[in-house]
Amino acid sequence: SVPAAILSALSAAARGGVLFKGGAALETLAAVDTFAFDKTGTLTTGRAAVTQVVALDGDEDRFLSLLGGLEAHSEHHIAAAIRREVATRDLNIANVVDVNARPGVGIEGFDALGPVWAGNSYLVEEMGARIDRPELQKIAGNAQTVIYLGRGATVLGAVSVADETRPSSAAALAALRDSGVRRIVMMTGDRKPVALRIGAELGLKPEEIHAGMLPHDKVREVGELAATGKVAFVGDGVNDAAALARADVGIAMGAAGSDVALQAADVALLSEDMERLAQAHRLARRTASIIR
Ligand code: ADP
Ligand code: MG
């Protein structure tokens, strides 16, 4: 049977918005000395906004209508930012069908003219497209997330999206360090300049910031961390599901996170307040010291 101390810790955590799927997860969390965090939607709010639009043919509205048609089918934070921009400009979206999410790189589908896609430089490369136009170089020059829209091997343009750290993230990381967490690492599918900017705001060491990571890269990195300690992975997206499952403790953002992430995780963080996570870690440690 589950010790009373664990039951009472589980319910105290739940009152703080941290739901453990069982007592074992609480006991494992007590031993965690390494935290790996996803960036977008985890350390950042995910409530991003479109900051720049580059339509190479000059027709921003038609460009956004097509991009919006693709992103209408995505649950990614980036998709929501683009849909808000489309709504602000009062545009109709293009009809895009047979849409496929490509976790970690973007999204693909078909409009009336054929296949279309939107995503990062990995997807650009996969499509055999090029981003050497000066307008495209320029939009990639600021430390923001860039999404390219293309048709086959042709890039039609790009948008940049700015996301902000959660107000509670820096304090949460500091609290984790205070309670003896040895390593704190960030792993993101986003590009390096964005990762370094967000990481610097949170006081992370540059060598603990991993950018351009595909879902399987996150899994591999979590595995490497697990060779030297007990690892918790904190994430929100479909792209994080495998890393959440691989970690000793998988912690999913519950409020705005994806269902796939929640299913793969051992713990759901229902609060937007990251400090609740540090508090749960401390509670797990205290509880473990009582029952030992
Ligand atoms: P993170 O690891 O920071 O949460 P993701 O792995 O979810 O980020 O995404 C990595 C990158 O893939 C994004 O920065 C973006 O460039 C691209 N991407 C992912 N999903 C989409 C989408 N629906 N539309 C456009 N680009 C996307
Ligand atoms: Mg994410």
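## Ligand 1 and its pocket

In this predicted model, ligand 1 sits in the largest pocket. The shell around ligand 1 draws two or more residues from each of three elements: β5 (106-111), β6 (114-119) and β7 (145-151). Of these, β7 gives the largest share of the shell, three residues.

The shell holds 21 residues, and the closest to ligand 1 are T40, E71, H76, T188 and N239. By residue class, the shell around ligand 1 has eleven polar, six nonpolar and four charged members.

## Polar contacts of ligand 1

An oxygen atom of ligand 1 and a polar side-chain atom of N239 are 2.5 Å apart. N239 is also listed with the residues closest to ligand 1. At 3.1 Å, a nitrogen atom of ligand 1 faces an N or O atom in the side chain of S74. The backbone takes part as well: a polar backbone atom of G104 is 3.1 Å from an oxygen atom of ligand 1.

Taken alone, ligand 1 exposes 560 Å², and the protein buries 97% of that area.

## The largest pocket

The largest pocket contains about 840 Å³ of space. Its lining consists of 38 residues, and those closest to the centre of the pocket are H76, I78, G104, V105 and G106. H76 is also among the residues closest to ligand 1, while G104 supplies a backbone contact to an oxygen atom of ligand 1.

The lining of the largest pocket divides into 17 polar, 14 nonpolar and seven charged residues.

## The second largest pocket

The second largest pocket has a volume of about 210 Å³. There are 14 residues in its lining, and D57, R62, L66, R151 and L156 are the closest to its centre. The elements that give two or more residues to this lining are α4 (60-71) and β8 (154-162).

Seven nonpolar, five charged and two polar residues make up the lining of the second largest pocket.

## Enclosed cavities

Rolling a probe the size of a water molecule over the atoms shows where empty space is left. In this model, two cavities of 30 Å³ or more are counted.

About 50 Å³ of space lies in the largest cavity. Its lining is formed by G41, H77, R166, D236, M253, A255, A256, G257, L269, S271 and E272. By class, these lining residues are four nonpolar, four polar and three charged.

The second largest cavity has a volume of about 40 Å³. Its lining residues are T40, G46, A48, H77, I78, T145, V161 and D163, which divide into four polar, three nonpolar and one charged. H77 lines the second largest cavity and also the largest cavity.

Conventions. Residues numbered from 1 in each chain as written. Chains lettered and ligands numbered in written order. Predicted model: local features only at pLDDT ≥ 70, side-chain atom pairs only at ≥ 80, totals over all residues. Heavy atoms only, no water. Near = heavy atom within 4 Å. Polar contact = N/O pair within 3.5 Å; in protein donor to acceptor, adjacent residues only side chain to side chain. Areas by Shrake-Rupley, 256 points an atom, 1.4 Å probe, with all protein chains shown as cover. 1 Å grid on protein atoms, 1.4 Å probe; cavity = no way out; pocket = protein on both sides within 12 Å on 5 of 7 lines; lining within 4 Å. Sits in = over half its atoms within 2 Å of the grid points. Helix = DSSP H or I, 4+ residues; strand = E, 2+ residues; numbered from the N terminus. Nonpolar A, V, L, I, M, F, W, Y, C, P; charged D, E, K, R; others polar. Points joined across faces, edges and corners; volume = space filled by probe spheres on them.
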